[in-house]
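Here is a short briefing on one chain. Please look over the sequence and the fold first, then read on.

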Amino acid sequence: MSRDYYEILGVDRSSTPDQIKKAYRKLAMQFHPDKNPGDKAAEDKFKEAAEAYGVLGDKDKKAKYDQFGHAAFQGSAGGNGHPGFHNVDDIFSSFGDIFSDFFGMGGMGGGRNSRSRTSPRRGADLRYLLEVELNEVIVGLDKNLEFDTEESCHRCAGQGSEPGSQPVSCHTCGGSGQVVNSQGFFSVATTCPSCRGAGQVIKNPCKECRGQGRKSVSKKITVTIPKGVDNGTRLRVAGEGEGGLRNGPPGDLYVEIRVRPHAQYDRQGRDLLGKLKISYTQMLLGTEVEVDTFDGKKLLNIPEGSQPGRILRMQGLGVPDLRGGSRGDLCLRLEVEFPKKLKKQEEKLLRQLAEVRGEKVTEKKGLFN
């Protein structure tokens, strides 16, 4: 006994045509043969849903079904007891517009339409890895880039055919871009070997690009690297990517920045971190030292009584803000540099200092006589 069509689609008798269509589309997507290859149960449900929609989706048939039920269509069955549909191909043929709505396919469920295959196509985006020095990040710079890519052929405007000629429809696939092989209820669509899915073949190839629509070139461009870029910063250069096809627009070039490690300074955000070695006497008594910065030599005041590990900031000598804000700071951690060997006068003074401070130190008799 056949199941109720409303029950199959999961709708009630008061449902609108749009609600019925939506319910069928959901089931068709769920049990589509292309999504369930080799699954006989899914195929049966697919045909059952199509049978129900074939009736409830038609105003006149729905009215007859509401009045007489399945008896209204006795004697109209095709093969396998499914009224109106002998196989899956019949379903695709009848409801191809529905499948194209949500699968992006034609009636047989395969491939793009001929318009999308022959319409202009944007070129691919390209990625370029660029290494820069830390000092270049501070000041910003212009970099000359050179790379190999493909650009749209100007002679044929990316069409692949000699000017004045046009591609012709492929005789193998009839312009569909696919070859369909039927195996029972299943239809397997494969890319056409003659046109490689384009649906068209070029009889008179462009002499410059040999029918490819693009040609390999070595491109040289200048890119401005702004101040403050960091590892991973991506700069977009519009229109400098791979050329488009069939007069389509080119892609973009994305320049990804890598900042080489610096021997003296490490970067933390907008700040630069470094070490500054001074003598123990300078640490205790204070001093003024000259520091190498990216802005030239600068004087830094060391307060008396400073301790090892203390961090002194030189404001505005760090990395510029990429978005145009103020620069960070140059931060220097103090380290004590002790002499490996003392002069006689140094040792004598230090021993006197230890005596003044009441500190016990090692006696070294006879070494400095």
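Contact here means heavy atoms within 4.5 Å. The model is predicted: local features need pLDDT of at least 70, side-chain atom pairs count only at pLDDT 80 or more, and totals for chains, interfaces and linings use all residues. Residues are numbered from 1 along each chain as its sequence is written, and side-chain values use heavy atoms, with hydrogens and water left out.

**Overall make-up**
- The chain holds 9 helices and 15 strands. Both are DSSP runs numbered from the N terminus: helices are H or I with at least four residues, strands are E with at least two.
- Of the 369 residues in the chain, 36% are buried. Buried means under 20% relative accessible area, exposed over 50%, and partly exposed in between (1.4 Å probe, protein chains only).
- Take the contacts between residues at least 6 apart in sequence: 63% of them join residues at least 24 apart.

**Helix pair α3 and α4**
- Two packed helices are described by the angle between their axes and the distance between the axes.
- Helix α3 (residues 40-56) and helix α4 (residues 59-68) have axes that come within 6 Å and cross at roughly 100°. That makes α3 roughly perpendicular to α4.
- Axes are lines fitted to C-alpha atoms, for helices over the stretch in contact, and angles run from 0 to 180 degrees between N-to-C directions. Angles under 35 degrees count as roughly parallel, over 145 as roughly antiparallel, 65 to 115 as roughly perpendicular and the rest as oblique.
- From α3, G54, V55 and L56 meet K61, K62 and Y65 of α4.
- This contact of α3 with α4 has 3 nonpolar, 1 polar and 2 charged residues. Ala, Val, Leu, Ile, Met, Phe, Trp, Tyr, Cys and Pro count as nonpolar, Asp, Glu, Lys and Arg as charged, and the others, Gly among them, as polar.

**Nonpolar cores**
- A nonpolar core is a set of buried Ala, Val, Leu, Ile, Met, Phe, Trp, Tyr and Cys residues joined through side-chain atoms within 4.5 Å.
- The largest nonpolar core has 34 residues, and I257 and L300 have the most contacts inside it. Strand β9 (residues 253-259) gives the largest share of this core, 4 residues.
- Leaving aside residues up to four places away in sequence, L300 touches L276, T287, E288, V289, V291, L312, M314 and L332.
- A second, separate core has 21 residues, including V11, A52, Y65 and F73.

**Sheet β1-β9-β8**
- An open sheet of 3 strands runs in the order β1-β9-β8, with mixed pairing. Two strands pair if DSSP finds at least two bridges between them.
- β1 (126-132) and β8 (234-237) stand at the edges, each with a single partner strand, so one side of each lacks a neighbour in the sheet.
- Direction ignored, neighbouring strands of this sheet are turned by 25° against each other on average.
- β1 and β9 are parallel, paired over 7 bridges; β8 and β9 run antiparallel, joined by 4 bridges.
- Y254 in β9 stands opposite R127 and is also the bridge partner of R236.
- β9 is mostly covered, with 6 of its 7 residues buried.

**Around C170**
- C170 lies in the loop between β3 (168-169) and β4 (178-183). Its relative accessibility is 2%, so C170 counts as buried.
- Beyond residues up to four places away in sequence, C170 touches G175, C192, S194, C195, G199, Q200 and V201.
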